[in-house]
Amino acid sequence: MAQPSSCAQSSNGVADESPNMLVYRKMEDIIARMQDEKNGIPIRTVKSFLSKIPSVFSGSDIVQWMQKNLNIEDQVEALHLGTLMAAHGYFFPISDHVLTLKEDGTFYRFQTPYFWPSNCWEPENTDYAVYLCKRTMQNKARLELADLCAESLARLQRAFARKWEFIFMQAEAQAKVDKKRDKIERKILDSQERAFWDVHRPVPGCVNTTEADIKKSSRMKQPHKTRKSVYGLQNDIRSHSPTHTVTPEVKEPTEDELHDQIQHCQEQLDRHRLKMSKVAESLLSFAEQYLEYDPFFTTPEPSNPWISDDVTSWELEACKEAGQQRVKRWAFCFDEVMKDPVGREQFLKFLESEFSSENLRFWLAVQELKKRPIREVPTRVQEIWEEFLAPGAPSAINVDSRSYDKTTQNIKDPGRYAFQDAQEHIYKLMKSDSYSRFIRSSAYQELLQAKKKVQPQNRPRHTHASLC
Amino acid sequence: MGEMEQLRKEAESLKDEITAARKAVQDLTLQDHVAGTAVVGRVQLKTRKTLRGHLSKIYAVHWGDSKLCVSASQDGKLIVWDSYTTNKVHAIPLKSSWVMTCAYAPSGNMVACGGLDNMCSIYNLKGKDGNVKVMRELAAHTGYLSCCRFLNDNEIITSSGDCTCVLWDIETGSQKTVFAGHLGDCMSLGVAPDFNTFISGACDFTAKLWDIRDGQCRQTFGGHESDINAIGFFPNGNAVITGSDDASCKLYDLRSDQELITYQDSGIMCGVTSLAPSFSGRLILAGYDDFNCNIWDSLKAERVGVLSGHDNRVSCIGVTPDGMACCTGSWDSFLKIWN
């Protein structure tokens with residue numbers, strides 16, 4: 001039994017950290033390599049018109065580095081991975097709110113570790129309000145989607161009407177601190193802050209990569225751990241989120257549970273294990289046998305309805321007559337005959353010719369019983385008993401004594417599964433006895449040889465892996 | 001040594017013995033055996049249909065037959081689609097919008113769903129007046145409902161965040177069997193082709209095989225380094241495929257009682273959310289958090305194709321019972337049919 005190893009989990013299986021952490025760590029490993037002085041991406045300052053653009057690298061630089069250092073030959077894959085990392089905010093285009101990677105001269109910058117998603121940010125709207133307010137003060141019209149920010153700001157002003165003076169003061173204080181910074185430093189920090197908000201408040205049309213699956217987030221033990229203010233503001237009392245319900249504590253195993261565990265381990269130890277070579281062989285031969293029935297490899301006859309807009313394949317499947325390919329499958333194993341309604345019908349016909357159809361009729365009756373509404377069950381159980389198992393039954397079946405005794409007991413308090421043991425025994429009987437005779441029978445052989453019913457053109461069946 | 005300490009030691013040493021017994025049958029790996037077999041050629045699937053209608057993230061999809069499927073979304077709706085015509089056959093409003101799973105009964109008569117309400121709600125699609133109504137609300141779990149699968153019109157199995165799986169009698173609404181043993185939230189379940197057993201994957205990083213009739217855990221498989229989000233049977237019923245947050249999928253064989261192979265790539269960092277084998281089992285289609293679906297050659301463990309077309313996480317995937325097409329569902333609110 002595997003114990004949780006590397007992930008930060010307490011032994012009772014409850015997560016202590018954000019569900020996305022595994023991914024962040026992998027990305028940060030790559031970022032560290034990208035930022036390596038010797039072998040990383042070359043970062044430079046670019047002269048542009050009257051100013052300098054500090055600390056940037058191009059999209060092509062990133063793609064080339066990835067292809068060289070990450071074992072990625074395919075450009076599409078490099079762009080996909082790079083876009084994923086940009087969408088999480090690890091590097092960003094300096095002139096765009098949309099966080100994707102383009103393989104061209106577009107300039108990108110690294111995000112500062114303070115703003116990395118692994119710091120478990122879940123910035124509140126108060127922080128966002130401070131940010132937008134600060135922006136308007138600093139007149140950063142250049143890079144802004146002005147309408148959008150103005151709209152967001154207006155909305156937040158309404159929501160935080162009473163706190164607005166406080167927010168305004170915070171924004172002023174932040175702006176003051178910014179002013180004191182060196183011009184180049186300000187440019188860099190400014191863009192990094194903007195990229196942070198692009199991750200947490202994505203522009204319309206962009207994905208919010210910080211979202212977590214509700215199944216995972218509802219397991220987190222301490223949701224308040226992830227709620228810090230970006231600007232050091234005091235947190236409000238968060239209202240109870242519907243996704244943060246308390247999960248039951250899994251206790252340390254009790255003595256009884258340990259006994260159960262030991263018993264389970266003992267049973268596991270005692271089980272017979274098949275050799276890997278045998279198992280591998282069986283998997284391979286199964287896949288090969290069914291390859292001609294796998295529409296992803298072999299075009300179904302006459303066509304795949306999804307591609308050709310012709311539903312003949314489905315009509316054939318539903319009809320009473322089975323084509324050669326379908327009949328061939330019945331010989332693979334007994335389950336194939338029993339799964340196919342036409343197969344069952346043919347098998348029944350064969351058994352009738354042998355005067356041994358009671359086994360299959362019993363099996364079918366029991367299957368049908370399981371679908372009955374509960375009020376009809378007792379009567380039906382009695383009917384089945386009378387027909388197949390009672391002394392002097394007209395269609396007497398042969399069950400082993402153990403199953404017979406159990407069934408006798410069961411029918412005293414009749415439920416849907418009264419005949420379960422008997423049914424399983426009969427199934428095995430048909431499988432080991434009648435089935436092989438059916439496959440060898442002339443009736444089956446004839447079906448197998450029968451001319452294909454649908455043959456519009458005599459098109460050979462072909463196998464190809466890519467279906468376009 | 002205290003009694004408890006002794007018991008714990010005994011359990012540990014048995015586990016070591018099991019590991020040794022598994023090693024003892026490793027005469028050949030799957031990779032060795034298929035060394036002579038060629039990898040399947042590049043698989044390029046095209047989107048044949050896009051099902052539009054949900055207004056929010058799709059969390060689950062399940063095929064009923066070759067054309068009908070049901071999907072569940074955070075917009076609080078269950079939609080039954082005729083995927084071939086892209087028509088919505090039913091749009092069922094749910095009481096709770098925090099739905100995580102849905103299932104179609106093999107008979108086509110019912111669908112089920114559940115989520116943060118800790119309940120499995122069964123809907124009758126073939127009601128007398130044509131309206132779809134809640135038939136049963138199966139309540140007893142103390143955690144969220146992560147997955148549910150019908151055995152027939154009377155029985156359904158559910159997996160829950162309370163670390164258990166349950167077999168229910170739908171008509172009486174009662175729990176028939178509780179399958180307890182996982183040490184973490186159960187995230188997913190799959191029923192064997194013969195309906196005698198089922199498998200569950202959980203946040204304790206293990207997968208378990210259960211006997212439906214007697215409620216016993218028959219086998220436990222480990223090896224993953226994080227939550228198992230997705231699980232399914234290989235079509236022959238003798239092997240199990242799992243998908244995990246550790247960005248890998250694994251194939252475990254039931255008869256040799258161990259892992260056969262891992263499907264992973266250094267370029268894939270995001271977790272696996274869902275998976276489905278093709279009809280023959282030769283291909284495994286797996287949905288990931290990085291918005292793509294990767295297609296693996298199940299025997300050679302090589303990636304042979306990618307489905308990219310969604311603008312957000314692929315949360316669910318399913319192959320039709322006849323193997324003709326697969327459906328992916330995403331947080332981008334769309335379902336796509338591919339082949």
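This is a predicted model: local features need pLDDT of at least 70, side-chain atom pairs count only at pLDDT 80 or more; totals for chains, interfaces and linings use all residues.
Residues are numbered from 1 along each chain as its sequence is written, chains are lettered from A and ligands numbered from 1 in the order in which they are written, and side-chain values use heavy atoms, with hydrogens and water left out.

**View 1. Two helices of chain A, α1 and α2, pack against each other.** Two packed helices are described by the angle between their axes and the distance between the axes. Helix α1 (residues 21-34) and helix α2 (residues 59-69) of chain A meet at an angle of about 105°, and their axes are 12 Å apart; this makes α1(A) roughly perpendicular to α2(A), a term for angles of 65 to 115 degrees, while those under 35 count as roughly parallel, those over 145 as roughly antiparallel and the rest as oblique. Axes are lines fitted to C-alpha atoms, for helices over the stretch in contact, and angles run from 0 to 180 degrees between N-to-C directions. Helices (H or I, at least four residues) and strands (E, at least two) are DSSP runs, numbered from the N terminus. On the α1(A) side the contact (heavy atoms within 4.5 Å) is made by I30(A), R33(A) and M34(A), and on the α2(A) side by I62(A), W65(A), M66(A) and N69(A).

**View 2. An open sheet of chain B has the strand order β1-β28-β27-β26.** The four strands are paired in the antiparallel sense, where pairing requires that DSSP finds at least two bridges between two strands. Because β1 (47-51) and β26 (314-319) of chain B stand at the edges with a single partner strand each, one side of each has no neighbour in the sheet. From one strand to the next, the twist averages 20°. Strand β1(B) is joined to β28 (residues 335-338) of chain B by four antiparallel bridges, and T47(B) stands opposite W338(B) of β28(B).

**View 3. Another open sheet of chain B runs in the order β2-β3-β4-β5.** This sheet has four strands with antiparallel pairing, and β2 (58-63) and β5 (87-93) of chain B lie at its edges, each with a single partner strand, so one side of each is left without a neighbour in the sheet. Five antiparallel bridges link β2(B) to β3 (residues 68-73) of chain B, and V61(B) has S71(B) in β3(B) as its bridge partner.

**View 4. Chain A and chain B meet in a contact that takes 89 residues from chain A and 116 residues from chain B.** The two chains bury about 9,000 Å² between them, 63% of it on carbon and sulfur atoms; buried area is the accessible area (1.4 Å probe) that two parts lose on being put together, summed over both. In chain A, the residues losing the most area to chain B are M276(A), F296(A) and W306(A), together 11% of what that side buries.
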